Amino acid sequence: MNQAMTVDTLKKSIASKLIDTVLVCMIDMQGRLMGKRFHAEAFLEIAQDETHCCNYLLATDLTMATPEGYASTSWQSGYGDYVMKPDLTTLRPVPWLEGTAMVLCDVLDHHTHAPVPHSPREMLKKQIARANALGLTAIMATELEFFLFKGTHDDIAKSGFKLEPISNYNEDYHIFQTSKEEYVMRPIRNHLREMGIPIEGSKGEAEAGQEELNIKYSDALATADHHTLAKHGIKEIAHQHGLAASFLPKWHKDRVGSASHVHQSLWKDDTNAFFDPDRPLGKSELMDHYVAGLMKYAADYTYFLAPYINSYKRFAKGTFAPTQIVWSVDNRTAAYRLCGEGSKAVRIECRTPGADMNPYLAQAALLAAGLKGIEEKLPLPEAYSGDAYANDDQHHVPRTLRDARAALIDSSMLREAMGDDVIDHYARAAEWEIDEFNKIVTDYEVARGLERA
């Protein structure tokens, strides 16, 4: 696996005509890459220290609309600039694009050069710093689930969004069916690995046309970077092969949704601080407090795991998506699954996030809740045993985006951890999503009520 490039190796690659383009990218509220393409020589001359972008990039929706109601920017304030500050430790080749390298940026205020607090990368950095202040390092891993559909996104749009999965049946762990998909999955694995992302493998998931990509655990910031780059790469590589990769959590009512589970542990001095061989299941008292925090504040941060109307269609019984806020031991029906029990690899998996999550926001929110649990020394309830779908009325995951937004607004924990301005910013984003959806007359409404109403 190639490591990230240095400026010196970039200069050598330019001189040898291997690299002529550098993508300079920030992460937006939706977890997408936004930025500019520089001629590689111009990047070294004018952009390796900083470049600029419109500050509306952290105040838009999925369609790049510019809603009113954000304190950070508006038509009235003139939509000024942010500074994009390249993090040169993230400089790396983009193997599926000829002659191209990429670097991720932090986002700074144009006047003060202070970090923009509602920038996703900065939000995660702030929670990492909280853990570091306790002598702890947050180690995480994410799983990427997605669907592959026949035809590119452009083709599908022209068809009126008629979706045909790449396979005909549930391909969970299915070697023969996934062999038929190797023409796209193999370059995805290999290109991303060559990019410096520690890809471990891929498998078929529990639905027709559904895939899962696994990336090795790392520190929280690297994990979010790896996830974002992998998601972007999957879409571009699939497009090059005439396919559409989608991270929509629920594309059909009768199909299983796509998740992005987050595995979490805290380490101290290169040792898993969640592990204690002398305690039941090998989990430490610190881990108990952390998981108790995740559970106590689960509703508060659900918005950061499920940010859209569609996100909540995934939470359904019997689909491997959680509905009840409980923890259990190696139980895929619970929202929190204890993995690696009794071993040095013990960790907690949060199964709530959908494939549409922004990994920086999700990990920041999970860390904030877990660290609060440690600060409050919260006791961990007894593990749930059995089918968590069987009785989920009392501790149900928020059922709608409206419910999640209300919990976000009322969360003193998140306001303390992230700041009022940050929470108000994302509450506005949720409000916009709800308002835009409520304007739409769906095909379901027309078919159901045209004659009968």
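Which residue forms a salt bridge with Arg415? The legends below go through a few close-ups of this predicted model, and the second one has the answer.

**View 1. Salt bridges across the whole structure.** Let's start with the big picture: searching the entire predicted model turns up 25 salt bridges. Why do such pairs turn up? Side chains of opposite charge can pair when their charged atoms come close.

**View 2. Arg415 with its partner, Asp424.** Here's the reply to the opening question: Arg415 pairs up with Asp424 in a salt bridge. Between the closest N and O atoms there are 2.9 Å. Asp424 has a relative accessibility of 40%, so it counts as partly exposed.

**View 3. Arg337 meets Asp330.** In this close-up, the side chains of Arg337 and Asp330 join in a salt bridge, at 2.6 Å from N to O. Is Arg337 buried or exposed? Arg337 counts as buried, because its relative accessibility is 8% and the cut-off for buried is under 20%. Asp330, on the other hand, is partly exposed, with 44% of relative accessible area.

**View 4. Glu436 and Lys439 side by side in a salt bridge.** These two side chains, Glu436 and Lys439, come together at 2.7 Å, N to O. Glu436 has a relative accessible area of 27%, so it is partly exposed. For Lys439 the value is 60%, which means that Lys439 is exposed, as the cut-off for exposed is over 50%.

**View 5. A network of salt bridges.** Which residues are linked here? Look for Asp87, Asp106 and Asp225, along with Arg121 and Lys125: salt bridges tie these residues into a network.

Methods: Residues numbered from 1 in each chain as written. Predicted model: local features only at pLDDT ≥ 70, side-chain atom pairs only at ≥ 80, totals over all residues. Heavy atoms only, no water. Salt bridge = Lys/Arg side-chain N within 4 Å of Asp/Glu carboxyl O. Buried < 20%, exposed > 50% of the residue type's maximum accessible area, 1.4 Å probe, protein only.
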